[in-house]
Amino acid sequence: MSKPNLEALSGAGVSIWLDDLSRERLTSGNLDELIREWNVVGVTTNPTIFAGALSKGESYDEQVRELSSRGADTEATIREVTTTDVRNACDKFRDIYNSTNGVDGRVSIEVDPRLAFDTDKTVAEAQDLWKTVDRPNLLVKIPATEAGIPAITKVIGEGISVNVTLIFSVERYEAVMNAYIAGLEQAKANGHDLRSIHSVASFFVSRVDTEIDKRLDKIGTDEAKALRGKAALANAWIAYGAFEKTFQGERWEALKADGANAQRPLWASTGVKDPSYSPTLYVDQLVVNDVVNTMPEKTLQAVADAGKISGDTVTGRAAEGQEVFDKLAAVGVDLQDVFVVLETEGVEKFEKSWEELLETVTNQLAQLKG
């Protein structure tokens, strides 16, 4: 049974991706149902998602047991288990990938977050994941750290499709888009077919409000409190304005003539953290053609139940977003510091999840050997 709100969201040009994956989703028929009835046309994963999946239930036991019997260590087991899930998910989305000419039907897997500040190791890991999963509808996730920017160019230049993650500021987002364009120019020079290279730029939303609201509460004035819950959308609207500016003009048109695909904005971290906000806030107010919104299942359900999808809510709002930012600066919010804190915390959270994943798998292997 189709969901009218999700149909409306898709009809407005937003690709709905699920921000979750597990062996159970793949084997129970749940993912098939989300594809069939919930307009889900892609999946994103991250270390936190895999740490959660492997710590629950028994769906990985058989594969872990088999890997243990072959003498696989913790790192090799994690690589095998996670790439198996992603490969199988890629196969489930293959028809969508084919019917959308590679735009959707995408599944993302992240490079080891401990490499976020090492360009060369990030590139090597991205190449290895691309070869291991061995599916054309894979997106390799690379964080938008300073070390990640040149890695994006290099990996795109080798014909590998990329999901750039952990983007918080518009300034960093502009560097990401330029890295992608430079990568396409390299890919062209290297003889790759530009039509086969796709990329999304994952612009994080809710965490911006979480951090800025905390600072506004601390400032405590009426002017400050009036700005609660406005920063994240403002940031995304300004980002979309930057996207429109970047993917036009001579440099871009030369690549487009060779079949290059624009790097689509992807709204990430769209689950609402503050219960006083509408659970569909970061979906309803971020509707625009040719973007992705990746949602945890709880947000997907909320949109299906109560989303208010009323056409484009993004185009032309960059100036409005800038007004919000000017007001934030006026009440004393240090926006530069906000974005540094968010990026640092974002990498740390994924590193912590990776450590949890290592611990879970190490314990599982130890029990099997015991």
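**Stop one: Gly13**

Select Gly13 and show what surrounds it: leaving out residues up to four places away in sequence, Gly13 touches Val288, Asn289, Asp290 and Val291 (contact means heavy atoms within 4.5 Å). Before going on, note that this is a predicted model, where local features need pLDDT of at least 70 and side-chain atom pairs count only at pLDDT 80 or more, while totals for chains, interfaces and linings use all residues. Residues are numbered from 1 along each chain as its sequence is written, and side-chain values use heavy atoms, with hydrogens and water left out.

Gly13 sits in the loop between α1 (4-11) and β1 (14-18); helices (H or I, at least four residues) and strands (E, at least two) are DSSP runs, numbered from the N terminus. Draw a C-alpha to C-alpha distance from Gly13 to Asn289: 4.0 Å in space, although they are 276 residues apart in sequence. Gly13 counts as buried because its relative accessibility is 18% (buried is under 20% relative accessible area, exposed over 50%, partly exposed in between, with a 1.4 Å probe and protein chains only).

**Stop two: Pro265**

Asp290 and Val291 turn up again here: Pro265 is in contact with both, and also with Tyr173, Ala201, Tyr240, Phe243 and Val292, leaving aside neighbours within four places in sequence. Pro265 belongs to strand β7 (residues 264-268) and is buried, at a relative accessible area of 1%.

**Stop three: α6 and α8**

Now pick α6 (residues 74-92) and α8 (residues 119-133). They pack at an angle of about 60°, axes 9 Å apart (axes are lines fitted to C-alpha atoms, for helices over the stretch in contact, and angles run from 0 to 180 degrees between N-to-C directions). That makes α6 oblique to α8; angles under 35 degrees count as roughly parallel, over 145 as roughly antiparallel, 65 to 115 as roughly perpendicular and the rest as oblique.

Which residues in α6 meet α8? Show Arg79, Thr83, Val86, Arg87 and Cys90, which meet Glu125, Asp128, Leu129, Thr132 and Val133 in α8.

Stay on Val86: its contacts, not counting residues up to four places away in sequence, include Leu21, Phe50, Ile109 and Leu138.

**Last stop: α5 on α6**

Gln63, Val64 and Leu67 in α5 meet Thr77, Glu80, Val81 and Thr84 in α6.
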